[in-house]
Amino acid sequence: MTIRKNVLTGLALLATAALSLTACSSDAPSTDASDAGEITVYNAQHESLAKEWVDAFTAETGIKVTVRNGSDTEMSNQIIQEGDASPADVFLTENSPAMTQVENAGLFADIDEATVEQVPADFRPSTNKWIGIAARSTVFVYDAKKIDEDQLPQSMLDLEKPEWKGKWAASPTGADFQAIVAALLELKGEEATAQWLAGMKENVTAYKGNSTAMKAVNAGEIDAALIYHYYYYGDQAKTGENSKNVTPYYFKNEDPGAFVSVSGGGVLASSKHAEQAQEFLKFVTGKKGQEILKTGTSFEYAVGSDVASNEKLVPLKELQAPSIDPAKLDSAKVAELMTKAGLL
Amino acid sequence: MAGKGGRPGPPSGATTLVILATLIAAFSLVPLGYVAFMTLTTGWDTVMELVFRPRVGELLLNTILLVVVTLPLCLVLGVGGAWLVERTDLRGHRWWALALAAPLAIPAFVNSYAWASTIPSLAGLGAGTLIATLSYFPLIYIPVAATLGRLDPAIEQSAASLGLGPWAVFFRVVLPQLRIAMAGGSLLVALHLLSEYGAFAMIRFDTFTTAIMIQFQSTFNGAAGNMLASVLVLLCLLLLVSEAKIRGNARYSRVGSGAQGLAIRMRLGRHEIGAQSLLVAVLVLSVCVPLYSVVRWLIAGGIAIWDPTEFFPALAQTMGYGLTGALVTCVVAFPMAFLAVRHANWFSKLLELSNYITSSMPGIVVGLAFVTVAIRLVPGIYQSAYVLLAAYVLLFLPRALVNLRAGLSQAPRELEEAARSLGRSPAVAFFRVTLRLCAPAAAGGAALVFLAIVNELTATLLLAPNGTRTLATAFWAKSSEIDYAGAAPYALLMILISIPMTYVLFQQSKKAAGQ
């Protein structure tokens, strides 16, 4: 009995020792900063893509990058609450609305001119408070066994009609889908958007995540899904296991459903490592950073430094996307309308 | 005694302890205070608009249905299993006694991942009920089995001698005596149902907790999410009150002198096969399916999924948080446990009540409260490991408290006084007698807290410092991107870590029931 007690006490002591070691090392990341400096990136982009960028950047510059992962509007709201005390130096998103939100709160510094010049005007806001780092297109993926080509909707707006009840899926809780709604709001106004969302609430089967929604179409659980293009191409490039029964369909025609969403990057005005932060965005929008989009596994469109996108993708120019100033996308209004429609 | 100024220099330092314990209790009410403050400052019209909307109705219906369907199933499995193991001549009942506790070693969200990746169409209330029942029934089984093993058989024998049949004896004599264990276990299951995030998010079943997380991902700590949190907290408090009502004031302890007789085991006879196959089915569904699924993904993923640059940091950070959290929680729980045992009065009861309330707060509410309070009031520690540790302490304090209290009550003050009368200084006497005697109990409590921290997901997602990855959050990130193979190593590790802890819990329940 006593022996067992002693063993337990010993274990407790050992635990104490182990913890003080780990606690120390995790508490003080700033003490071992290398000469090149370090930055903290709030990342709402796909973790795998951000990791490719970060690893390549650190290899080239020696600047250490700490990444905090989250989702678009979670992190934009977080940055706004943190205000001047924000630990973030750089903010990366999947879609523009979250960028606009931080910009409107006056928390972004101007992007370095050299970086701005790397990206064409279509893929950055007129204010140059942030910069496009990649782009993604809306796509309607469907099961060709269940929907004939001539039955396909002409517009994304058709999906609120009764004949589409129970037939399509989406991930309304994700920032991706909310960006599409933001485009709809900008193109058609509040009333039309509220009406479309009400119809959507009746019709849609909600999944968590675009990949899960596509997987459901592939498995025959549902006829179609409104998602972004790269989930399809990414899976095709891997095993096709989650997309072999799926056909992509682009609305084109400047339809709200042809929306191309710009992923953004910005440097926080409060950053204490502004120089390194700017350097990071210059790298991401530069040739090496954009080539990661072309050759990597993300299948997002390249937007900067004249780097062509992955050749498996339908070229951006053929998508006939509606022209929208990303600075006008209103994520707070979208969250409010979707909460009212009972989708959030 | 010491607190009343009877003797000088008391090692217990009751006044200090009272102050400490009060501070801790006040601190533990932060989440409740947050929700109340947010509700009051949001403005009545907005509150009405955000609370009384169809979506909240849907969530309420989902959450209530989940509790109403899952709880009886857990009770049937838990009580039925306990009865078979403790009161029948079931073959291999010693082995089964442990096997039925084994599902606790598989975290609910790992269980859900295993099922969802095996049957992708699994979704909604049915799936939620299946996974919750399989994951949580041991929370009822363990206390009920422990109590059942300790019941005085004399009462049953009297009932039988007065002409009651075996079934009547079970329902009219045994079951009422299990009321406390059943109510306590049911409360735990219900609170888990309300606070679980990962398991239900994976199978697209919306409860308040998943909805709050969705609001968080869209708006950080926006008003809609806060109002959902208020409703959720209200539900939790409702559960606490109803458990207290059901438990009542009755005493079921044995007061006679002499040793207690051994319980008579009922002969199963021709029902043996039925009972065995039922138990096998439960074990297959709750343990074998998840294990099979994890192993299948491990094989499918091959060596590529064991990325050492991701895997080892996650393991190290999880161990760091688990061990630190367990230790700090025990230290923090000590003043309260000490007051409760040595200076029991209305005040110590009040302290315990505050803890009890906090223990019912879901991780998501604690996370939301801490992230907001840290940003607005104490920016100096925002996003530091301290905030996350504080959340862990708060969430899991009761686990340490229960154990420490039991340990302290077995270390009578007289022993400490004897040591002092033999010339030891008060401090030495305290450390060498009291503290040493309650060390095993403290270790047990620490083990439980450690287990809980390893499997904690929601508060960790909200509060983890930049760059921090625990096994749970790494697992969650992978499985959210439907990288099921990539998630498998983390699932396996969480199960492996949980196994010894589950054993400790099982052993302790046997002892605790005797007190």
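Trainee: What share of the contacts in chain A with a separation of 6 or more comes from residues 24 or more positions apart?

Mentor: That share is 78%, where contact means that the C-beta atoms of two residues, placed from the backbone, lie within 7 Å. This is a predicted model, in which local features need pLDDT of at least 70 and side-chain atom pairs count only at pLDDT 80 or more, while totals for chains, interfaces and linings use all residues. Residues are numbered from 1 along each chain as its sequence is written, and chains are lettered from A and ligands numbered from 1 in the order in which they are written.

Trainee: What makes a residue of chain A buried, and how many are?

Mentor: A residue is buried if 20 or more other C-beta atoms lie within 10 Å of its own. In chain A, 50% of the 344 residues are buried.

Trainee: Why is the packing of α4(B) and α11(B) called oblique?

Mentor: Helix α4 (residues 54-87) of chain B and helix α11 (residues 179-195) of chain B meet at an angle of about 140°, with axes 10 Å apart. Angles under 35 degrees are roughly parallel, over 145 roughly antiparallel, 65 to 115 roughly perpendicular and the rest oblique, so α4(B) is oblique to α11(B). The crossing of α4(B) and α11(B) is right-handed.

Trainee: Which residues make that contact?

Mentor: Among them are B:Leu66, B:Leu71 and B:Cys74 of α4(B), and B:Met182, B:Val189 and B:Leu193 of α11(B). By class, the contact of α4(B) with α11(B) has 11 nonpolar, 5 polar and no charged residues; Ala, Val, Leu, Ile, Met, Phe, Trp, Tyr, Cys and Pro count as nonpolar, Asp, Glu, Lys and Arg as charged, and the others as polar.

Trainee: How many residues of chain A are in contact with chain B, and what gives the largest share of that side?

Mentor: 43 residues of chain A touch 40 residues of chain B. α1(A) provides the largest share of the chain A side, 13 residues. That side of chain A has 15 nonpolar, 19 polar and 9 charged residues.

Trainee: Where do the domains of chain A lie, and how do they meet?

Mentor: Domain 1 covers 37-135 + 260-315, and domain 2 covers 136-259 + 332-340. Their centres, taken over C-alpha atoms, are separated by 26 Å. In chain A, 22 residues of domain 1 are in contact with 17 residues of domain 2. On the domain 1 side, α4(A) gives the most, with 4 residues. That domain 1 side has 9 nonpolar, 9 polar and 4 charged residues.

Terms used: Axes are lines fitted to C-alpha atoms, for helices over the stretch in contact, and angles run from 0 to 180 degrees between N-to-C directions. Helices (H or I, at least four residues) and strands (E, at least two) are DSSP runs, numbered from the N terminus. A crossing is left-handed if the near helix is turned anticlockwise from the far one by less than a right angle, and right-handed if clockwise. A residue is buried if 20 or more other C-beta atoms lie within 10 Å of its own, exposed if 12 or fewer, and partly exposed in between; C-beta atoms are placed from the backbone. Domain bounds come from an automatic or database domain assignment.
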